[in-house]
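Visitor: I would like a close look at one helix and its surroundings. Please take me through that part step by step.

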Amino acid sequence: MRARALGWMCLFAFAVSESTIVLAQVAAPRTVTDIVKTLETYRPDPAAVERIRALASEEPPKTEDRQALASFYFERSRAAFNIGLHAQAAADMRQAADLYGRGHTMRLRALMDVAIFNWRGGDFAAAIVATEQSKSEAASRNMYGFVLSAASIEVGIYAAAGDLENARRALSQSETAWATFSSRNQGPELSVHINRYTIEGTRSIVLMTEGKWTDAEAAERRALDAARMAVRSYPNHPAPNLLTRDVAVALLGTSLERLSVILAAQGRLSEAEAAAREALQVTLENFGRYHAETSARLQQLALILIEQGRTLDAVVMAEQSLHSIEQSGATGGLRRLAAARRSLAAALVAAGKHEAAVRMFEQYREGVKTDRYLSGQLPAGDLDWVIALVRTGRLDEAQRLIEAMREWNRKRFEERDDRVAWVRGYYGVVLAAKGERAQAFAEFQAAVPQLIEIKRRAAVADGGSVRQTQRLVIVLEAYIELLAAAEPATQEAISEAFRVAEAARGGIVQRTLSASTARASARDPQLVELARREQETGWRIESLGGILSRLVADPPERQLPKVIADIRRDIESLNRQQSELRQEIARRFPDFADLVNPKPATVGEVQAVLRPSETMVAIYVGDQASYVWAIPKQGPLRFVRAGIGAVEMARRVAHLRTALDVSGAQISDISAFDVNAAAQLYDALLRPVQDVWKAAPGLVVVSHGPLAQLSLAVLVTAQAPTGSVEAVPFERYRSVAWLAREASVAQMPSAGSLVSLRRATPPAATRRSFVGFGDPVFAKTANVEPRPVADVALRLAVRSAPKLDKVDSAGLALLPPLPDTSQEVLELARMLGADLTRDVYLREAASEKTLFGLDLTEPRIIAFATHGLVPGDLNGLTQPALALSSPEVAGGDGDGLLTMEEVLGLKLNADWVVLSACNTAAGAGAGAEAVSGLGRAFFYAGARALLVSNWPVETRSARSLMVDTFSRYAKEGSKRKSAALREAMLAMIDGEGYVDPATGKPLYRYAHPLFWAPFVVVGD
C-alpha cells in the first residue's frame, strides 16, 4: 500500500521507510485529477472485508485463560469498530478491560478505547465513565502519560457534547498530568513526542470549540510537529506498552485534518486544501482506500473545494468519499454512510446538479430510518434539500419540508434567531415558486433584512461561507423577482429591488475580499487590534452557534439543558461585544468598515453623488432572469425585467467573445463579430430604459455575472446595414451603431463603490506622473511560443493568455512571457513625461521586491502590463492576482504574485491603475469576479480607477489606444476617464487602422471591436 501512495509525487516529496516519514508540503494542484488517479490504483478487497466481518462475529474461544479471552475480545472489538458496530465494539472492549484486570497496562488502553467507541456511537455518558475510570487507575499507578491520554479523550467528548465548562476542566487535568510527566521525564523519546502531541492537540480542540481559531492554529501546529517527530523517531521494535506505528501515523493524519479545518475557518483555503490533501495521503498510507477514515478525509476536502467555488471538483471528492465508505465493509457504520451521502448531496446542490441531489437526499432519508438519533434530526431539514426540490419543480414536497423545518426551529429557537430567519427566507422562496405571492412577500419582508445583516456580520470576521452566500442569493433573487412582478411597479418596490440586488451582487467577491482584508496588514495598529478582536468574536459566535444547533437536535432524553443555557448566554454576550466592536470600527475607521462590511447602497445615495450628465445603469443577472435599473441624477428611475437568466447570459456573452478572444496568428483568423447578437442584447437590456440614459449618456454601469466580462460599449443600438463590400478588412464595422458612439461607459463593482469614491477627498494634483511594470520574467527558461515569419504585416501581435484550461498543475513558470509590454510601458512613460530610469521597471525589475520597496503614494498613474490571474489559474491560488517576476530570477521573498490580499496592504494615491493583460473570460466567470474584487481592493489601497483589459489585446492597437486615452486625459484634467477612453475608441474606429510601412496604405482597419474595445474603466 505504501508503494502505491508514493505515486502521488506531485503533491508531496516523500522519504518513507519502516521508521521514518518526511513530508514536504507544496501548493496543491489546481484540479483533483491527481487524487482521483491515486485512488484508482486501489481496488476493493472483498476477502479482507469478509475477514473483518468474520472476526467481528466470531464466537469467543472456550477457555478459562483470562489473558487469551481478553486478547480475543480486544481484537473482536477493533474489528467491530472498523465496520461501524460501535455498540458491540464498546461492549467487547469493556469485556477485554475487565478480563485484563487492574494493574495490567492493556486494561488502561482498553478503557480508553471503550471511551472512544462509546463516543463515536453517541453514548457520551458511558464514554465519560470509561475515561474517569482510566484516569483514576492510571493516577494510582503514577502512569501520568495514561492520565494525560484519558483526560484528553475526555476533553474531546465534552467538546463534542458542547460542554465547554467540563472540557476546560478536563483540559486542566491534562495539563497537570503533562507537567508531572515532563518533570519526571518518563519513558523513551517516542513517549515524549506522543504525549506532547496529545496535550497540544487537546488544547487545540478546546480552542476550536470556542472558535478561537488563531490560538487553535498555534496549538495544532505544535501538535503536528510532535506527531511528525513521533513518526520519524519510531523504533523498529517498540515496547509492548507503546502505541503501534500505525496509530502514530493515524495521529499525524488527525492533526493534519484538524489543521485544515482551522485554516478553512479563517478563510485560508489554499493552505487548508494543502493540509487536507496531506491528511488524505497519510490516511491512505495507513488505512488504505476503503476505510471510514479515508471517507472522512475526502469529505473534508470536498467542503474546502466548495468554499473555493470549485464545485465540480467537490462533487468528485464527495462521490469518492461515499464510494470509500460503501466499499469499506462498514455495514454498521450508518452515521458515516449518512454523513457521506449528505456531503455529496450538498456538493451536488452547490454544482447545480439538483436532480442528482434530490436522489441523494432521498437515499439519506431512507438510510437513517433505522437510527433513532439520525431519524430524529430529519425534521430539522436541510436548506440544500429545499432548494433542490424547488429547482426540480417538486414544490409540494419542498413546502412540506420547509414547514416541518419552520415548526422544528420555532420550538427550539427564539423568533429573532438567525436559524429562524433562514427558514423564513426559504419558506418565502417556496411560496413564491408556488405563486402564493402575498404570503411570500410577508416572509421575505420579515427575513431579508435579518439575512442581509447576517451576511454583513460575517463579512468582517471571514466573509461568511460560500454555501451561506449561495443560500442568501437564492432568497434575494426570489425576492427581487417578486418585487419585479409587483403591479403597479411603484418607485418604492423598484428601489427595494435595487437595494436587495446590491446585497446579492457582492457574492463570492465580498467574501474573498472580506477574508483577505481581515488578514491584510492594516495601516493603523489600533485598527489591527480592533479588527482582530471583531474577527475572533465572530468566529466564536459561529462556532458556538454550530454546537447549539447540534445539541438542540438531540432527542429530549439526551439533551443537556444546562449546557444549552450556558451556550445561549455566551452567544448573547458575544453578540453584544461584536456589535460594540463593529460600531467602534465604523466610527474610527469608516473606510475599512465600508470595505469589509458595506451596507447596500440606496437609490437616494446614488442620486446624491451622480453628476447631471450621468446615469447609473445597474444590472443583476439572476438564475431565471436579469434585471436592469436606470437611475438618473434627478427624477424617477426605470426598471425592467429581461427574460435572460445566468445560463443564457453566459451563452450570449461567450458567443460575442468568440470574435474577441483570438487564438490564431493572422488577421484572417479573426472571426466576424456578431453585430445582430450585440443588437439583440442591447434590445433586451438597455433599449427599454434608453429614454432615461440618453438624456445623460455618461453611463456608470454596475454589471454582474457573465455580463461583466463584456464592455457594454460593444452593444449595438440599431441593426447594421447589410451587403457592404469592404475595400479594407474590418472597414464595415465603421458604420455599426456601437453604443460607444452614444455613451461613455465606466464600470463599478457595486453602487456603493461609486458612493464611497465620490465622497472621498480628491488627491493632490502635485504628484509624480507615472510608474510602470512590464514584461516580467516568470522562469529562468522562458516559455516562448513560436511565431510565424511569413506575412509579417498581417500577423496578429496578440499578447498570449495563459492556456490553463486543460492543465492539472500550473505554477508561475508556465505563464507565457509578454515581451511586447515593454514598449507599451515605455511609450506611456514618455507620453506622461516620466523619468525612464526611475519610473519604469521591466523584466527582472518588475518584481515584488521592487514594488514593495517603492513609495507608491507618489505616482498618479500605475501600470501593470502583465497577466491578471483568477482563482484557480495557478496551484494554490484562491484570490485574484497579478503575475510579477519570479523570485527565482528577480531575487527577494514572495511568490511572484501580487495578490488581492497584498493589494489591500498597499498605500496608493493614484488616479488610475492600469491592468493591461487581464482575461476576464477565464475561470468560468471568475475573471469578472476577480476584476470586481481587485477593483475594490485597489480603491481601498488609494486608487480611484482601474483601466482593465477584458481579453488578450493586440499589442499595436492596444499601445495606440492606451497612449491616446492618457494623452486626452492629461491634456484636459477635468475630463472623465471614461470619456477620454471613449474618444480614443472612436478615433480608433474611424482612423486609418494599421498602415503598411512600406506602401503607406492601410492593410486593415481597427474598427473591429477586438482592437478598440478591450479596455474598460472600473471606478471613477
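Guide: Helix α6 covers residues 105-120, which makes 16 residues. From first C-alpha to last, α6 reaches 23 Å, close to the 22 Å expected at 1.5 Å a residue (1.5 Å times one less than the number of residues). Helices here are DSSP runs of H or I, at least four residues, numbered from the N terminus.

This is a predicted model: local features need pLDDT of at least 70, side-chain atom pairs count only at pLDDT 80 or more, and totals for chains, interfaces and linings use all residues. Residues are numbered from 1 along each chain as its sequence is written, and side-chain values use heavy atoms, with hydrogens and water left out.

Now the setting of α6. Because 12 of its 16 residues are buried, α6 is largely enclosed by the rest of the structure. Buried means under 20% relative accessible area, with a 1.4 Å probe and protein chains only. Among the buried residues are M106, L108, L111, V114 and F117. R107, R109 and D113 are buried too. The buried residues of α6 pack against α4 (66-82), α5 (86-100), α7 (124-140) and α8 (144-161); contact means heavy atoms within 4.5 Å. After α6 comes G122, with a positive phi near 90°.

Follow α8 onward. α8 packs with helix α10 (residues 189-210) at about 20°, their axes 10 Å apart. Axes are lines fitted to C-alpha atoms over the stretch in contact, and angles run from 0 to 180 degrees between N-to-C directions. That makes α8 roughly parallel to α10, a term for angles under 35 degrees.

Definitions and conventions. Helices (H or I, at least four residues) and strands (E, at least two) are DSSP runs, numbered from the N terminus. Buried means under 20% relative accessible area, exposed over 50%, partly exposed in between (1.4 Å probe, protein chains only). Angles under 35 degrees count as roughly parallel, over 145 as roughly antiparallel, 65 to 115 as roughly perpendicular and the rest as oblique.
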